[in-house]
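Dear colleague,

Please find the structure handed over below. My findings follow directly after it.

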Amino acid sequence: MKLCGVIILLVLIIIIIIISVILLYYISIHFPGMLMKWETTHNWCDEIESSFINNTETCRLHNLINNDKIRWVNSTLGTVGMAAYIDSPCSDKISQSNTYMLNRYDIYDQLATHLTHRLKCKCVYPYLKYNLPIGVPGFHIFDADSWLGKGYHVASLHTDQQEKRVPWPDNEQFDWTKTISFTIPITTPEQCGLYIIQRGPEAIKPGIPLWWTLRDAPTQYIPYKLGNCYVHHGKWYHMISPFNGKYGDRVTLQGHALYCISKKEYWLYW
Ligand SMILES: O=C(O)CCC(=O)C(=O)O
């Protein structure tokens, strides 16, 4: 009888261990951010942020975006406008979306001028200047009710690869090392920000989980300020920080750029 009890206990322990290992494996693959320490060890905020629009402007944009809810993709990550890496849209849809965005949100000229000063290089929209089927920057909306808005580190820990999803024209040359990612917070619920880890995909070793490789790497938490423009190359691992959904959705203007060597310009896209 006693032996039977011990065997049942052992089996239970083995089942619990197996379930824990499976759960840990699942989390380490899908939500590696949950296993990281997220201690800020570096400070290079000054390099990445610049003042872009004031609170009146962000408020006006937010009202416009709120009335655009119909265009949101889903309840966790919503988008206004079409992004190559999310929607992989055909050129007709891009054209429709771009026309809509450019008419509704009168921010695009100001954005290109700001980035031109910031990057010290002409920034253009290939859709407008060369009539190419490439999406213009748009808006990300993270729902207040999402897990991210409830304070969990569940956002994607990634490096940007968007440039691989865009139909760049064959007759131009691009510098694939000159990529840009920019974000402008339109709302800043408490704790809204970004973690950047100073390591790229070259640090990753086969068979070693991402979170384990990155756990001791220099890390920076960048608290977002309303209307500021945050620019980085996107090739270091980064992750959106959890935020306090009590204070509303997390809304940002989001876009990317790639340097076109043949035209000597940065091409802005999403
Ligand atoms: O929303 C942000 O803060 C950054 C978004 C991001 O990581 C990305 O678009 O690659």
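The protein chain contains 8 helices and 11 strands, where helices (H or I, at least four residues) and strands (E, at least two) are DSSP runs numbered from the N terminus. This is a predicted model, in which local features need pLDDT of at least 70, side-chain atom pairs count only at pLDDT 80 or more, and totals for chains, interfaces and linings use all residues. Residues are numbered from 1 along each chain as its sequence is written.

The C-alpha trace spans about 80 × 40 × 40 Å along its principal axes. Of the 270 residues of the protein chain, 35% count as buried (20 or more other C-beta atoms within 10 Å of the residue's own, with C-beta atoms placed from the backbone).

Two strand pairings involve E8 (a pair requires at least two DSSP bridges between the strands). Strand E1 (residues 49-51) runs antiparallel to strand E8 (residues 228-232), joined by 3 bridges, and Glu-49 stands opposite Tyr-230. E5 is likewise antiparallel to E8, with 3 bridges; here Tyr-230 is the bridge partner of Thr-183.

Thr-183 also belongs to the surroundings of the ligand, together with His-140, Asp-160, Ser-181, Leu-194, His-238, Ile-240, Thr-252 and Gln-254 (each with its C-beta atom, placed from the backbone, within 6 Å of the molecule). At least two residues of this shell come from each of strands E5 (174-185), E9 (238-240) and E10 (250-260). By type, the shell comprises 2 nonpolar, 6 polar and 1 charged residues (Ala, Val, Leu, Ile, Met, Phe, Trp, Tyr, Cys and Pro count as nonpolar, Asp, Glu, Lys and Arg as charged, and the others, Gly among them, as polar).

With kind regards

Terms used. Buried ≥ 20, exposed ≤ 12 C-beta atoms within 10 Å, placed from the backbone.
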